[in-house]
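Colleague: I have just opened this model and would like to read it with you, step by step. Could we start with the side chains and then move on to the strands?

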Amino acid sequence: MRDLRFTDWVFVVAAAAVVVAGGLALFSPSPPGSATHSTHQRAADLVPAAHGDGLSDNESGYRLEQVTTPGTRGDAVPVAFRVIGPDGLPRTGFRENQTKQLHLFAVRDDMHVFRHVHPALVGDEWHTALDLPDGGAYRMFVEFVPHDTANPRHPVVLGVPFSVPGDTTLVPVPAPGAEAVTSGGFTVTRVDEPVTPTALRPQRLRFAVRAPDGEPVRALDPHLGAYGHMTGFHTVLLSATHLHPLEPLGVPLTGGELSFQAVFAERGEHRLFLEFSHGGSTHTAAVTVEVV
């Protein structure tokens, strides 16, 4: 695992804050009152959008208040929290963001465990459960788009750390590479250019999906209002990056490819998790990219 002294962490986090702040100044928000961001836009029509990175439990006046924090391993570990708004009151509804009001991600710091679930509202609390097969240090991210936002393509992302006690089998983060194989035998390959993404610049990342027999997958099931969902995490800072799907539903996939708009706020290695559905089952593929 990475071995950073406290002073090193202070420098890294401070530098990341400067980079994120600079990145926000580069992006033009959508006009007030715009609809939730569409997955049916062409890459040329997209306005670069900044996102919260989940390194804090506070952003834009919103705060994550933990109620039940994961503290053990298991296949259904309960999680509960509130989202407190700028007025100090719990928020119980948000705009739809890829068909869901709220997304929750959990990732272990070695990127070996990734979970993406959608909590349900119970009173003023959001509840869900996580499959956590192993111990270790984790971070939980909550992503949502407030109803009163001036930029619907800029989700609020709040994050908090948590730890699962017990023996932990740590796995090195795979080196940057173009190919990943899912548990279902599908192969996902990065085919975009340039090979190395650049920080603070909008770019299109392309991924070819092939079936276990090696043939391109030309038809996928809808998944969260698109053909795929992708989220990335910096492998050292654990900051989150959301990538926007570009292919509209109902259009055949050219060469079995999916593409996403990405704006990375920080340089360094990012682990990208692609989720897609085929034959009624959801598959996840992960690739590591180096951002310069």
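Colleague: Is arginine 82 buried or partly exposed?
Modeller: Keep in mind that this is a predicted model. The relative accessible area of arginine 82 is 21%. Buried would require under 20%, so arginine 82 counts as partly exposed.

Colleague: Which residue meets the side chain of arginine 82 in a salt bridge?
Modeller: A salt bridge needs the nitrogen to lie within 4 Å of a carboxyl oxygen. For arginine 82 the N to O distance is 3.3 Å, and the partner is aspartate 124.

Colleague: How many residues apart in sequence are the parts tied together by that pair?
Modeller: Arginine 82 belongs to strand S3 (residues 74–84), while aspartate 124 lies in the loop between strand S6 (120–122) and strand S7 (125–132). Aspartate 124 has a relative accessibility of 30%, which makes this residue partly exposed. The pair therefore links parts separated by 42 residues.

Colleague: How far apart are the closest N and O atoms of glutamate 65 and arginine 63?
Modeller: Glutamate 65 is partly exposed at 25%, and arginine 63 is partly exposed at 32%. The two form a salt bridge, and their closest N and O atoms are separated by 3.6 Å.

Colleague: How many salt bridges does the count come to?
Modeller: One of them is the bridge between arginine 91 and aspartate 87. With the 4 Å cut-off, the count is 12.

Colleague: Which residue in S3 stands opposite threonine 68?
Modeller: Strand S2 (residues 62–68) pairs with S3 in the antiparallel sense, over five bridges. Opposite threonine 68 we find alanine 80.

Colleague: In the open sheet of four strands, what is the average twist from one strand to the next?
Modeller: This sheet runs in the order S5-S4-S8-S9, with antiparallel pairing. Strand S5 (114–117) and strand S9 (156–164) are its edge strands, each pairing on one side only. From one strand to the next, the twist averages 15°.

Colleague: What is the bridge partner of valine 107 in S8?
Modeller: Strand S4 (residues 102–108) and strand S8 (residues 136–144) run antiparallel and are joined by seven bridges. The partner of valine 107 is arginine 139.

Colleague: How many residues of strand S13 are buried?
Modeller: Look at the two faces of this strand. His229, Thr231 and Phe233 point one way, Met230, Gly232 and His234 point the other way, and all are buried. For strand S13 (residues 229–234), the number is six of six.

Colleague: Which residue in S16 stands opposite histidine 234?
Modeller: S13 and strand S16 (residues 268–278) run antiparallel, with six bridges joining them. The residue opposite histidine 234 is histidine 270.

Colleague: Which residue takes a positive phi in the hairpin of S13 and S14?
Modeller: S13 pairs with strand S14 (residues 240–245) in the antiparallel sense, over four bridges. Five residues sit between the strands of this hairpin. Most residues other than glycine have a negative phi. The residue with a positive phi, near 65°, is leucine 238.

Colleague: Leucine 224 has a positive phi too; is this residue buried or exposed?
Modeller: Its phi is near 55°, and its place is in the loop between strand S12 (203–210) and S13. The relative accessible area of leucine 224 is 11%. Since the cut-off is under 20%, leucine 224 is buried.

Colleague: And serine 60, buried or exposed?
Modeller: Serine 60 sits in the loop between S1 and S2, with a positive phi near 55°. Its relative accessible area is 55%. The limit is over 50%, so serine 60 is exposed.

Notes: Residues are numbered from 1 along each chain as its sequence is written. This is a predicted model: local features need pLDDT of at least 70, side-chain atom pairs count only at pLDDT 80 or more; totals for chains, interfaces and linings use all residues. Side-chain values use heavy atoms; hydrogens and water are left out. Buried means under 20% relative accessible area, exposed over 50%, partly exposed in between (1.4 Å probe, protein chains only). Two strands pair if DSSP finds at least two bridges between them. Axes are lines fitted to C-alpha atoms, for helices over the stretch in contact, and angles run from 0 to 180 degrees between N-to-C directions.
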